[in-house]
Amino acid sequence: MSGPGVVYRVNPVAKLAAALLLSACLVLTVDWVSSAVALTLEIAVLPLAGLPARTFWLRTAAVWIAAPLTAVTIALYGQPSGRVYAEFLFARVSDGSIELAIATLLRVLAIGLPAVVLFVTIDPTDLADGLSQLLHLPSRFVLGALAALRLVGLFADDWRSLALARRARGVADSGRIRRLAGQAFALLVLSLRRGNKLATAMEARGFGSSAHRTWARQSRWRGRDWVMVVIGAAIGAVAVAASVSTGQWNSIVG
Amino acid sequence: MKPVPFHNERARTVTTTSITPTPSTTRSRFRWRVVDIVVASVVGVASGLLFVVWNIASTPVTDPLKALLPGLQALGGGFWLFAGVLTALIVRKPGAALYGELLAAVVSALVGNQWGFLTLLSGLTQGLGAELVFALFLYLNWRFGVAILAGAGAGLAMAITDLTVWYPGSDAPFITIYTIAGVVGGALIAGLLSWLAVRGLAKTGALSRFAAGREIAQRV
């Protein structure tokens, strides 16, 4: 995956590490201070990533929708405290649950937005190279997963062929849900058969042998990768510091 | 290996693919062959694509459940749990449930969703939930009951993760309902549906290089 922004040129492993450090800090507490601080810093940093605006809004749409919905759940069913504003069945909207809901809203945004920006700019091939060369994960599994990911491109073609074949056989005209389920199953069968063939082909080329593996593409860890990790860790640390120093820290455990 | 008679196209496929030489028969049955890795990966990636659809579709589908009884939405969580059980039931190797669920979570995260890096945490814990059940049976039993239990295990793991990370500070009724719904949804969707899917797949002959496929093929 390529693009104009600097975020495209950062090693995927660095993006994963940055997202891990940031999420780990934010997930330990539910309070509005840590999330608001992190979100503010992220909004300052995200434009520097160089993700095109259209891509950004399209890919983060799910986060913008999910955040308020999660918050509503917490507002209705969060632990009640303080004044109770409304009550029906199990739902109880109170001072405490509204505060939790606001914190949750900010928290979902603060965790989700940077992750989307970091992850949708990851090229799976670069990620596989990084995971096996830098993190030394078992290369048979990493490359097997990458091979399967590359099959995704064929799924769309297969899906169209299956639809045409079904139409030609006259079995595609009724029962939309049933047809979709049947066709999805056929696609799975097709891809498993292709997986079997792919495995044979890979074995024929020596994949999975115990010989020493060399790499066509070197995955390198550069200065900008350190910068990426430091940014992630710094935002998390500042958020935690702000939350602890204002006495808002509200651990998720206990 | 007993050859399957040439009754029809389906049977022919079973025979031709099942005589494909497997590199070694002396290795432990716990060792992953290349075909195990590739097919587990295909299942994981395909499940991940389904996760992506469910990431979007789950909100309108499970919100009415949530309105009916808070916590009941965890029933629908089962559609995020089947990857591990399905992968394990097909390749029958230690770590298969964990690998399948984690890979599906990676696909879901790479496409981009609201859970960010924590998608991988969920994939890890849900995969472990199913994996532990298969491990309890020493990776020897792949029958219906164990599949259901593995789905329930994944559901329990999902409930624990979600309640800790996403719904901290919920009250006791919510926690109870969410956990029960997660376990039931996991058992039904991840357990039962995966088991049925493997039976269906085996009957097509697509699993002829796996014990899971040969068992059913012989029964036909």
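**Exercise 1.** Are B:Asp36 and B:Lys93 buried or exposed, and what links their side chains?

*Solution.* This is a predicted model in which local features need pLDDT of at least 70 and side-chain atom pairs count only at pLDDT 80 or more, while totals for chains, interfaces and linings use all residues. Residues are numbered from 1 along each chain as its sequence is written, chains are lettered from A and ligands numbered from 1 in the order in which they are written, and side-chain values use heavy atoms, with hydrogens and water left out.

Step 1: both B:Asp36 and B:Lys93 are buried (under 20% relative accessible area, with exposed over 50% and partly exposed in between, for a 1.4 Å probe and protein chains only).

Step 2: their side chains meet in a salt bridge at 3.7 Å, N to O (a side-chain nitrogen of Lys or Arg within 4 Å of a carboxyl oxygen of Asp or Glu).

Step 3: B:Asp36 lies in helix α2 of chain B and B:Lys93 in the loop between α3 and α4 of that chain, so the pair ties together parts that are 57 residues apart in sequence.

Step 4: B:Arg33 belongs with B:Asp36 and B:Lys93 to a network of salt bridges.

**Exercise 2.** Determine which chains the salt bridge of B:Arg209 and A:Glu203 joins.

*Solution.* Step 1: the closest N and O atoms of B:Arg209 and A:Glu203 are 3.9 Å apart.

Step 2: B:Arg209 lies in the loop between α7 and α8 of chain B, whereas A:Glu203 lies in helix α7 of chain A, so the pair joins two chains.

Step 3: B:Arg209 counts as buried at 6% relative accessibility, while A:Glu203, at 22%, counts as partly exposed.

Notes:
Helix = DSSP H or I, 4+ residues; strand = E, 2+ residues; numbered from the N terminus.
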